[in-house]
Amino acid sequence: MRMGQRKGFGLAAIAGAILLTGAAGDLVAQEGKHGGTLVAAFSADPGGFDPARGPSGMSHVVIEQVYSTLLNLDADAKPYAGIAESWSAAGDGMSWTFKLRPGLTFHDGEALTAEDVVFTFERILDPESGYAYSSQIETIDEVVAVDDLTVEFKLNRVTGPFEIYMAFPGSSIVPKDLVESGHDLNAEPVGSGPFKFVSYTPRNVIEFVKNENYYEEGRPYFDAMSYRIVSDATALSNGLKSGEIQFSNEVPPKDWQAIISKSNMVDASIEGSRYYWMVPNHKREPLGNPLVRQAIAHALNRQAIVQGAFFGQATPIVGGVIPEWNWGYAGLKFFEPKGNIEKAKQLLAEAGVAPGTPITLTMVSSWPPMMSMAPIIQANLSQIGLKAEIDTMEVPRYWDEIWGPSKFDLTAMYWLSPLADPDDFVTNTYATTAAVNVQQGGSKEMDDLMLAAKSAVTPEERKALYRQQQELSLETMDVIPLVNGWVLTAHTDKLKNFKPMRTGFLKTLKDAWLE
């Protein structure tokens, strides 16, 4: 039986104090400062505020402030206690039991009980809900309120990432009575999180105030937060430089060095889960041959892509797509960061591909990193004898005419949704049944490996299986890994104790304060 642990919670909740190491190495208490309004900036409007209906990343950074989840994720995407003070899995992994904290309330003053948890999950399990992350909850057979503070989840198979899924914004607990009364959470969210929703002005600002009854004593520190919507990248950068904006995790890469070089700005960048990959259409020759896909993969100068498309703010992927910071990392060194043209030529010759073979690279014209990497990729392909032509298209035409019907030779894509568990990095990209599998690749062997890894009971078993999956992925080269983009967060030096999260989430703002 695995028992939930309160990782990183105890000392942080005592009298609002944190512990720092002094000059002599002794631990000294530093009191967090309450008060003030944090002004943050983001590039896009949210797609809604209802956890069941808010699919975008911008929706999530609002939802996580207003609502609470059974578990939380720390800065490295590891679960710790949320509104559940303890939790455990059955010995066979087929059920999970969560014990809620006593005295929890929603922002409207109503009690939060096990019935609200049951209602929340039955609501998103409904096939008519349109919940965008149904793969996270597909193994839940039944949710039962054992008593007012105890909830049991019964599964149809062992689910390794279950704790991660219970910390996802879409799993936020909503008030049963309020929703059943007809209240629209998408327009006016009501949860039990660290901040209460005040107002939203489209294309302008989202306002929050502190939840005085938040379950973590002494949290949050800010009296209020203001999320400004700044769609113009230059305006966002200028706001940070002037001090009008105090925080953003969407700093434009082109302005990164200029912003963090200012004496009053803090570099809080972190390698996250926004990885980019190249998509070879297996139904278009010669890309149906894995040797050709391997040749392209080895030809690419990923270091040049990091510099040219990301201004140095990314990490070349030299093996499987699970990054080094994740516990599922396999440590495979398959590619050279600057490419290996001779090896690529040998593979292409072995595949019988004639020099000068034409190939089209289709990129989204409104995505700057894609446009910047296109000529680098074109030059690399030319070095091994492939005559690549760059074609560009705006969204949404790209989705409708290129991506959806798989009408391309080569294209590229990236994950913006937060990825935390090793399964998040592989299944949606490599599974034969995945909507993202527009390369029309995959195999039963790959599917079986990923399912076995997701269903294994121990982390050790799962990690070994994910290593096998990544080794297979580099052999079949269903997709071609490129780089992992960093989460570019910068903030005023007046903001203290903020810890950036690899998921790009901002739950840790509740632990930060303004001097």
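## Close-up views of a predicted model

**View 1. Threonine 159 and its contacts.** Leaving aside neighbours within four places in sequence, threonine 159 is in contact with Thr139, Tyr165 and Lys454. The model shown here and in the other views is a predicted one. Threonine 159 sits in the loop between strand S10 (150–155) and helix H3 (162–165). Its relative accessible area is 3%, so threonine 159 is buried. The side chains of threonine 159 and threonine 139 are joined by a polar contact of 2.7 Å. Lys454, one of the residues that threonine 159 touches, also belongs to a network of salt bridges with Glu138, Arg157 and Asp423.

View 2. The largest nonpolar core is made up of 114 residues. Leu70, Phe98, Phe121, Phe153 and Met373 have the most contacts inside this core. Helix H10 (residues 368–383) gives the most to the core, with 6 residues. A second, separate core has 32 residues, among them Leu38, Tyr227, Phe498 and Leu509. In soluble globular proteins, nonpolar side chains tend to be buried together.

**View 3. Surroundings of phenylalanine 121.** Phenylalanine 121 is among the residues with the most contacts inside the largest nonpolar core. Not counting residues up to four places away in sequence, phenylalanine 121 touches Leu70, Ile140, Val143, Phe153, Met166, Ser171 and Ile173. Two of these, Leu70 and Phe153, are also listed with the residues that have the most contacts inside the core.

**View 4. Strand S13 and its two partners.** Strand S13 covers residues 224–229 and is mostly covered, with 5 of its 6 residues buried. Strand S4 (residues 37–42) runs parallel to S13 and is joined to S13 by 6 bridges. In S13, methionine 225 stands opposite leucine 38. Leucine 38 is also one of the residues of the second core. Strand S12 (residues 205–210) pairs with S13 in the antiparallel sense, over 5 bridges. Here alanine 224 in S13 has valine 209 opposite.

View 5. The structure holds 18 salt bridges. In one of them, the side chains of arginine 219 and aspartate 511 meet at 2.9 Å, N to O. Arginine 219 lies in the loop between S12 and S13, while aspartate 511 lies in the loop between strand S23 (495–496) and strand S24 (513–514), so the pair ties together parts that are 292 residues apart in sequence. Arginine 219 and aspartate 511 are both buried. Side chains of opposite charge can pair when their charged atoms come close.

**View 6. Arginine 228 and glutamate 244.** A salt bridge of 2.9 Å, N to O, joins the side chains of arginine 228 and glutamate 244. Arginine 228 counts as partly exposed because its relative accessibility is 28%. Glutamate 244 has a relative accessibility of 51%, so it counts as exposed.

**View 7. Aspartate 255 and lysine 254.** The side chains of aspartate 255 and lysine 254 meet in a salt bridge of 3.0 Å, N to O. Aspartate 255 counts as buried, at 11% relative accessibility. Lysine 254 is partly exposed, and its relative accessible area is 47%.

**View 8. Helix H7 and its start.** The buried residues in H7 are Val292, Arg293, Gln294, Ala295, Ile296, Ala297, His298 and Ala299. At the start of H7, a side-chain oxygen of asparagine 289 reaches to within 2.9 Å of the backbone nitrogen of leucine 291.

**View 9. Methionine 393 in strand S19.** Methionine 393 is placed in strand S19 (residues 386–393). Its relative accessibility is 10%, so methionine 393 counts as buried. Not counting residues up to four places away in sequence, methionine 393 touches Met363, Val364, Ser365, Tyr398, Glu401 and Ile402. Serine 473 is 80 residues from methionine 393 along the chain, and the C-alpha atoms of the two are separated by 29 Å.

Key. Residues numbered from 1 in each chain as written. Predicted model: local features only at pLDDT ≥ 70, side-chain atom pairs only at ≥ 80, totals over all residues. Heavy atoms only, no water. Helix = DSSP H or I, 4+ residues; strand = E, 2+ residues; numbered from the N terminus. Buried < 20%, exposed > 50% of the residue type's maximum accessible area, 1.4 Å probe, protein only. Contact = heavy atoms within 4.5 Å. Core = buried A, V, L, I, M, F, W, Y, C linked by side-chain atoms within 4.5 Å. Polar contact = N/O pair within 3.5 Å; in protein donor to acceptor, adjacent residues only side chain to side chain. Pairing = 2+ DSSP bridges. Salt bridge = Lys/Arg side-chain N within 4 Å of Asp/Glu carboxyl O.
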